[in-house]
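Let's take a walk through this one together.

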Amino acid sequence: MNCDECQEQVFELIERESVDPQAVHEVLDRCPECRALFDEMKAALAGVAGLPSEEPPTEIDVAILRAARDRVAKDSSRRRKWLQSTQWAVAAATILAVGIGVWAVPKGEEIAMEEVAMGDASSEEGDAAEVEASPAAKSIAARGPEKRNAEPRTVARAEHEALAVRDARSPAREVFAGAASQGPARLAADSAEDSSAPGARAEPQAASRECARRLAKVERRAREGTAKPIAPEDALAIGRCYQAVGNVVEARRWLERAALHPKTKDRAARALSELQAE
Amino acid sequence: MSDRSDELLLTAYRAGDAAAFETLLERYRGPLFNVVLRSVRDRGPAEEIYQDVWMRVIERCDDFRGDAKFSTWLYTIARHLCVDHQRKMRFRRHASLDQLQAGSGQTLADRAPNPGPSTEALAMGGVLRDRIASAVEGLPDEQREVFLLRHLQGLAFNEIAQVVGVPANTVKSRMRYALERLQRTLRDWEEHDEL
């Protein structure tokens with residue numbers, strides 16, 4: 001390191017920021033001029049260290065501290081307010097949620113009941129009549145005060161259970177399979193009457209298949225315990241099927257059931273009169 | 001006084017601990033006031049700026065990100081206010097001769113006839129310090145702010161670089177020029193005294 005480089009580094013050395021302090025010290029040891037510069041600068045720094053220190057006025061510090069405390073107080077009151085508003089918001093949200101729940105739950109139950117009561121083909125009115133007329137419904141009604149909303153489901157379930165027991169006793173599938181092989185013309189005639197379409201004068205076998213399908217549907221419902229009541233059209237068809245195979249008792253039972261519904265009332269009444277004539 | 005760092009104290013203050021702010025004020029009141037006073041060279045505006053700096057710290061403490069030191073942030077605020085003040089002062093063509101000077105309590109008119117205090121005055125206690133103060137106040141703004149931050153607050157060169165917004169090497173250069181100038185001024189006064 002030469003003298004120029006050393007003199008550049010003197011300041012950094014004093015300020016303890018020198019890159020190579022060892023090299024600067026070596027030059028300072030051998031060069032009196034560099035040493036003099038170093039001493040002068042050090043003295044200048046020592047001199048300015050004696051710069052008089054002044055104090056800020058106490059009243060300003062007091063004002064600053066007051067402002068600092070005011071901010072803390074404001075912040076804490078803001079936090080309190082926020083907490084209070086949060087509490088109110090939570091309370092309002094809870095009330096709203098409860099209100100919606102109270103409104104929505106019975107609504108949901110109503111919808112579910114409507115779905116059940118609607119059945120797959122018939123109107124609500126007809127189903128209600130059917131349920132009312134059924135012995136299971138009567139027994140349930142006689143059982144006493146149960147929850148009004150739950151009643152139709154229970155009635156439907158009881159109806160199906162009763163059907164399941166009866167179906168287990170009488171192998172309906174076999175009966176109608178037999179009916180299909182016998183090919184009763186009456187079934188075909190009923191089908192033609194029911195649909196009143198020219199093409200509906202179908203083959204007797206097709207009619208008996210229809211009987212078997214409808215009865216299978218009833219069986220399935222009974223097995224699964226589906227809470228849907230039997231549609232009046234199904235009841236009418238099943239009655240016709242029993243009529244076709246000569247099972248007068250079952251035929252009457254199903255036809256009477258179909259006669260309770262306004263939609264199938266006339267046709268069921270005609271079938272019953274035919275049954276009596278037979 | 002608390003051993004907690006400045007940054008922890010500020011965090012505590014933000015969380016509602018007013019005593020933490022008191023500790024910060026206690027730490028920095030002297031150095032900050034002196035930096036401001038030597039920067040603006042006038043006690044009245046220095047007091048106003050000193051108060052404004054702390055008010056801004058109170059108002060904006062939530063903005064402090066913590067990626068810099070509290071001292072750097074504090075002196076950055078102080079520097080901005082001092083620079084604003086100096087800009088305003090530039091509109092005034094001449095300083096009042098009756099204006100009291102920082103530290104000395106003398107007016108400019110008192111000082112004008114003589115470049116430095118007399119030998120008799122030097123014999124009195126505190127006069128040398130006044131002379132140093134005058135020498136520092138005579139430094140150009142850029143050199144003076146670097147010098148004050150280094151010697152009154154003891155900031156590292158890289159911290160001063162952050163406050164001032166220039167590279168650390170520029171800070172070092174300014175510091176060296178400031179020292180050389182101070183050295184010259186003090187030597188001139190010594191020579192004047194010898195005459």
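Begin at C6(A): the closest cysteine sulfur to its own belongs to C34(A), 4.1 Å away, and that is too far for a bond. C34(A) is in no disulfide either, though the sulfur of C31(A) is its nearest at 3.4 Å. A disulfide, after all, is a covalent bond between the sulfur atoms of two cysteines, and the cut-off used here asks for a pair of cysteine sulfur atoms within 2.5 Å. Searching the whole structure turns up zero disulfides over all chains. C6(A) is buried at 0% relative accessibility, and C34(A) is buried at 0% as well. (Buried means under 20% relative accessible area, exposed means over 50%, and partly exposed is in between, with a 1.4 Å probe and protein chains only.)

A word on the ground rules. This is a predicted model, where local features need pLDDT of at least 70 and side-chain atom pairs count only at pLDDT 80 or more, while totals for chains, interfaces and linings use all residues. Residues are numbered from 1 along each chain as its sequence is written, chains are lettered from A and ligands numbered from 1 in the order in which they are written, and side-chain values use heavy atoms, with hydrogens and water left out.

Now look at chain B as a whole. You'll find ten helices and zero strands there; helices (H or I, at least four residues) and strands (E, at least two) are DSSP runs, numbered from the N terminus. Of its 195 residues, 46% count as buried. Take the contacts in chain B with a separation of 6 or more, where contact means heavy atoms within 4.5 Å: residues 24 or more positions apart account for 59% of them.

So how do the chains meet? On the chain A side, 31 residues are in contact with 44 residues of chain B. Between them the two chains bury about 3500 Å², with 61% of that on carbon and sulfur atoms. Buried area here is the accessible area (1.4 Å probe) that two parts lose on being put together, summed over both. L51(A), E54(A) and R71(A) supply 19% of the area that chain A buries against chain B, more than any other three residues.

The polar side of this interface is worth a look too. The rule finds twelve residue pairs in polar contact across it, both residues at pLDDT 80 or more. A polar contact is a pair of N or O atoms within 3.5 Å; within protein, one must be able to donate a hydrogen and the other to accept it, and residues adjacent in sequence count only if both atoms are side-chain atoms. On the side of chain A that touches chain B, α1 (3–14), α3 and α4 each supply at least two residues. Among the contributors, α4(A) gives the most, with twelve residues. That side divides into 16 nonpolar, three polar and twelve charged residues.

R176(B) is buried at 11% relative accessibility. Leaving aside residues up to four places away in sequence, R176(B) touches E8(A), F11(A), E12(A) and M41(A).

What about the charged pairs? Side chains of opposite charge can pair when their charged atoms come close. A salt bridge is a side-chain nitrogen of Lys or Arg within 4 Å of a carboxyl oxygen of Asp or Glu, and five of them cross the interface of chain A and chain B. One is R29(B) with E55(A), whose closest N and O atoms are 2.6 Å apart. This pair runs from helix α2 (residues 18–40) of chain B to the loop between α3 (32–48) and α4 (58–118) of chain A. R29(B) is buried at 14%, whereas E55(A) is partly exposed at 45%.

D62(B) and R71(A) form another salt bridge, at 2.7 Å from N to O. Here the link goes from the loop between α3 (43–60) and α4 (70–90) of chain B to helix α4 of chain A. D62(B) is partly exposed at 48%, while R71(A) is buried at 12%.

Definitions and conventions
Nonpolar A, V, L, I, M, F, W, Y, C, P; charged D, E, K, R; others polar.
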